[in-house]
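Here are my notes on the model, point by point. Have it open beside you as you read.

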Amino acid sequence: MTTVLKTEDLRKQFGELTAVDNVSIEIDDDKITSIIGPNGAGKTTFYNLLTGVLQPTAGSIWLRSGDGDELVDVTDAEPHEVAQAGLSRSYQITNIFEGLTVRENVRVARISHEGTRLDFRSRATGDESVEADVEELLELTGLTHIADTPCDTLSHGEKRTVEIALALAIEPNVFLMDEPTAGMNPTEVAEIVSLIRELDADLDATFVVTEHNMDVVTDISDRIVVLAEGAILADGTPEDVLTDERVTEAYLGSDSV
Amino acid sequence: MSATDTGGRVSQFGSAVAEGWTRERFGLLGAVALILIAFGPPFQVYLFTDFLVVALFALGFNLLYGYTGLLSFGHGLFYAGGAYGIAIVLRDLGPVFADVVGAGISPLVTFVVGGVVGLALVVVVAVPVGWLSVRLEEIYFALITLAFGMLGYSLIIQDPAGLTNGTDGVIVLLGTVDLGGVSIRVGGRRLYYVISAITVVAATYGVWRIVNSPFGTVCKAIRESPDRAGALGIDVRHHRWMTFIVSAAIVGIAGVLRAGLASVASPGLTHWSTSAIAVIATVIGGATYFSGPIVGAFIFLYIRWGISRFPALEAYWELFFGALLIAVVLFFKQGAVGGLHLLRDRLVGDGGGGGAAEAGSRATSAPDEATESSDDDARTDRGDTS
């Protein structure tokens, strides 16, 4: 067991409002961790702090970078620096390159990972190792049959899968998934859950998931962290957390699940 | 019945045309056309040169707009930069070169050196201007580039350094090359056309290579979603900055050619209304296609020329373009090239069952070429075509 992501007293203040309140957490590489909480609990702000979209008011963020065991400080890093350091994300509202094909989407991610984005002389399709990696990833995520389809014509479920393929293409140590099943029908949910399990088994990346669908949460999580009003309310195995009275109270107090 | 038959025939015709238009044949046809134009009437040669220069201007602009998603309203600054660069070299250093390399060949040498200096000047200006501009996005980017363009306009007119000759601009005299009795005017319409055609074709090929490189692929990704690109480890701001500089350099080459063609580098080149020409040509032609700005420049210049044939209408040519632009923006978002693609899809694609099946066997080789050429026509892959 190794810690891949750590926050220390992380806090984010928007004027008077404390969106994230002294959150200290360590994410281990041998578990799928879910971060849950009622609407407005600070999950999205927490994600935006981790990924460098927002700068914290106080506290620090540490990330295992590359193959080393050392944690590096990414508190003040910009989003692209965080990504390069080894943290990848998917978005709650699908965020992919809609106008490009599935293959081109993944190719962009591989170009970024290989660091060849400033190469303006070669053909984009000319790098054989990149192309091989792209094909492998499409295979892994089950997208090969729609590889040449422009993304704006895909179904919602397919777009969510492209989102996952993109995030994994940069070979992250940590993969933050923001509501991977948002807006999906039950069949698509089942598919994405089994894909997440498969990928978690196959890849080195450590999965961290936020999710509203409690069936999914209990299904895939080894550990659940509950946020309420910006602070950690409960932290433990699914059995412990979901029977915790304070958790039930927090949920019933605002939106029911 | 008869309707289906017609559909079949139209489809057959369409497939036959699509089959005939391979990339090689298209290129050959273009090359022959370019050569033939050199022997046309002098005014037509001039007009076509004008078109080539504006096409390169718009093409450079579109690298930033259509491919990277940043609308600049100040690319006239780089157009003017190229023009003034060569104009000042010709004026101030022409005699020096005549002493060094001999009077016979010096006009050509000065022209080439002036072009390189113009290009270098543009890059030197684009580095800081781009660095500041890419800090902003969308409308703010458009406004800051507009401001830089007008800043250049005002500097050129005020002429604090005594280089740009104020509102009159700098006269460009390309001179005559004299090679032991054979003398050719560099600024002569036919020779200047040849110089421009070679330069523009080479630069266009360069842009084509860039948009199909890893660099260009990342540009398209940034256009589609800057957040997503950043979350994949791409330094979006840096990439936009680099694209800004490349785009400015292409426009600078067009500016160098413009100076020789117009025989003057004038402050109007960096006025926002000049920057707008690139925007208008690109939108009319279709920003999402590689060929969009080229087709747009063609339509822009030839319609303007067509209108100028009718003196009664000439005063209203801007009104006419306003109307055309409204029509394109409202009904033809993909521009003229988008319209052509739509037409081609109508003819080749879903022409009617019978014809398609009949054409099937012959068409087996065609689709490959058709798809390939549609890639080559280089949709920049934004938006939907169907």
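1. Some housekeeping. The model is predicted, with pLDDT of at least 70 needed for local features and 80 or more for side-chain atom pairs, while totals for chains, interfaces and linings use all residues. Residues count from 1 along each chain as its sequence is written, and chains are lettered from A and ligands numbered from 1 in the order in which they are written. Helices (H or I, at least four residues) and strands (E, at least two) are DSSP runs, numbered from the N terminus.

2. Now the sheet in chain A. Its 6 strands run in the order 6-7-8-3-9-10, as an open sheet with mixed pairing; two strands pair if DSSP finds at least two bridges between them. From one strand to the next, the twist averages 20°. Strand 7 (residues 174–178) and strand 8 (residues 206–210) of chain A pair in the parallel sense over 5 bridges, and Val174(A) has Thr206(A) as its bridge partner in strand 8 of chain A.

3. Helix 1 of chain A comes back here: it packs on the sheet, touching strand 3 (33–36), strand 6, strand 7, strand 8 and strand 9 (223–228) of chain A. Contact means C-beta atoms, placed from the backbone, within 7 Å. The direction of helix 1 of chain A makes about 150° with that of strand 7 of chain A. Axes are lines fitted to C-alpha atoms, for helices over the stretch in contact, and angles run from 0 to 180 degrees between N-to-C directions. Helix 5 (residues 156–169) of chain A also packs on the sheet, touching strand 6 and strand 7 of chain A.

4. Over to chain B, which has 17 helices and 4 strands. Buried residues make up 48% of its 386 residues. How do helix 3 (42–65) and helix 11 (residues 272–285) of chain B cross? Their axes come within 9 Å and cross at roughly 80°, so the two helices are roughly perpendicular (65 to 115 degrees; under 35 is roughly parallel, over 145 roughly antiparallel, the rest oblique). Among the residues in this contact are Phe57(B) and Phe61(B) of helix 3 of chain B and Ile277(B) of helix 11 of chain B.

5. Ala38(B) is worth a click. This residue lies in the loop between helix 2 (23–37) and helix 3 of chain B, and is partly exposed because 15 other C-beta atoms lie within 10 Å. Ala38(B) and Leu191(B) are 153 residues apart in sequence, yet 8.5 Å apart in space, C-alpha to C-alpha.

6. Last, the chain interface: 28 residues of chain B contact 31 residues of chain A. Helix 8 (214–224) of chain B gives the most to the chain B side, with 8 residues.

How values were computed: Contact = placed C-beta atoms within 7 Å. Buried ≥ 20, exposed ≤ 12 C-beta atoms within 10 Å, placed from the backbone.
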